[in-house]
Amino acid sequence: MSLLKAWSCWQPSTAPFLLDADIPAFEKHLKPKNLQVTLESWEAARDSNDFCSPIDSRFHMGLLPQPFMGNVSNAKVYVLLLNPGLGPHDYYAEYQVTAYREALMRNLHQSFRSDDLPFLFLDPKYAWHGGFTWWQGKLAQVIQSLSQSRKCSFAEAQRYISLNLASIELVPYHSKSFKAPSRFIEDLESAKLARHFVNHHVLPRVRNKEAIVIVTRRVNEWGLTERDGVILYDKNQARGAHLSLASKGGRAILEFLS
């Protein structure tokens, strides 16, 4: 099954929110309770003893997976990451803000509404969310330079990037830090689907000069080699995953979209 089909067919009912094909890897590698947690409401998260703890490295299975973001089939810029992060906003957003949760599901099913910006973490409707803060902060310099080169407003340039940007996570489950055993990624079906999609859909588009790929995290696990249109971050660059104009990824985005 393909990456997009697997997630478009996925219909969550109750937590833990997990792709069925990933269950064997979780049972094999993440059985200890200190490696995963399932909180099923905003109140449960807020009132937990380790809410916002800086040393929490568990996967939070009460949150929807985020295997990708944006129009993944037609994007011009692909940013490859490790896994979605975790902030105090996540539980509140998913359990208290219906419109946000519905937007996440439309992204999973790649069924966007006419008023959606496909990369929702550049959509001003969600500017209150930490995901917007993270992505907008990473791309602010690129957006500003793009607005100048295209002679348009900052908001129009941000919209343009949202229409053309996609991110793909190697592991789709939320955690504040990543402490899973090394074999976990090797056995995780969703990681295999992500790599297969990159190799069989994204790279052919890169070879045809239709897209670029920026690998910011876990370069070895993505299994790509640097070439024209494929930008790999070294360990120092991966630590911050910067996309400013001082980074080779940010400069590549600006050059490709200008």
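Figure 1. V79 stands opposite I214 in strand β6; strands, like helices, are DSSP runs numbered from the N terminus (strands: E, at least two residues; helices: H or I, at least four). The model shown is predicted: local features need pLDDT of at least 70 and side-chain atom pairs count only at pLDDT 80 or more, while totals for chains, interfaces and linings use all residues. Residues are numbered from 1 along each chain as its sequence is written, and side-chain values use heavy atoms, with hydrogens and water left out. Strands β4 and β6 pair in the parallel sense over four bridges, where pairing requires that DSSP finds at least two bridges between two strands. Strand β6 (residues 212-215) is covered on both faces, with I212 and I214 on one side and V213 and V215 on the other, all of them buried; buried means under 20% relative accessible area, exposed over 50%, and partly exposed in between, for a 1.4 Å probe and protein chains only.

**Figure 2. Order of the strands in the open sheet.** Five strands form an open sheet of mixed pairing, in the order β3-β5-β4-β6-β7. The edge strands, each of which pairs on one side only, are β3 and β7.

Figure 3. Five of the five residues of strand β5 (residues 165-169) are buried. In a regular strand, side chains alternate between the two faces of the sheet. From β5, L165, S167 and E169 point one way, whereas A166 and I168 point the other way. Strand β4 (residues 77-81) pairs with β5 in the parallel sense over five bridges, and L81 has E169 of β5 as its bridge partner. Strand β3 (residues 68-69) runs antiparallel to β5 and is joined to β5 by two bridges, with F68 opposite I168.

**Figure 4. F184 within the largest nonpolar core.** The largest nonpolar core has 81 residues, and those with the most contacts inside it are W135, I168, F184 and L224. A nonpolar core is a set of buried Ala, Val, Leu, Ile, Met, Phe, Trp, Tyr and Cys residues joined through side-chain atoms within 4.5 Å. Helix α9 (residues 189-207) gives the most to this core, with eight residues. Neighbours within four places in sequence aside, F184 is in contact (heavy atoms within 4.5 Å) with A25, F26, H29, L30, F59, V171 and F178. A second, separate core of seven residues includes V37, L39, L63 and Y91.

Figure 5. The volume of the largest pocket is about 860 Å³. On a 1 Å grid over the protein atoms alone, a pocket is an open set of points with protein on both sides within 12 Å along at least five of seven lines, a cavity is a set of points where a 1.4 Å probe fits but cannot get out, and lining residues have an atom within 4 Å of a point. Grid points are joined across faces, edges and corners, and a volume is the space filled by probe spheres set on the points. Of the 33 lining residues, N83, P84, G85, W134 and R217 are the closest to the centre of the pocket. At least two lining residues each come from β3, α4 (88-96), α6, β5, α10 (219-222) and α11 (235-240). Helix α6 supplies the largest share, four residues.

Figure 6. About 60 Å³ of space lies in the largest cavity. Its lining is made up of A103, R106, N107, F112, D116, L117, P118, L120, D123 and Y126.

**Figure 7. W128 in a loop between two helices.** W128 lies in the loop between α5 (98-109) and α6 (130-149). This residue is partly exposed, with a relative accessible area of 42%. Residues up to four places away in sequence not counted, W128 touches A93, V97 and Y100. The C-alpha atoms of W128 and H89 are separated by 8.6 Å, although the two residues are 39 residues apart along the chain.

**Figure 8. Cysteines C52 and C152.** C52 is partly exposed, with a relative accessible area of 44%. C152 is also partly exposed, at 22%. With a disulfide defined as a pair of cysteine sulfur atoms within 2.5 Å, the count comes to zero disulfides.
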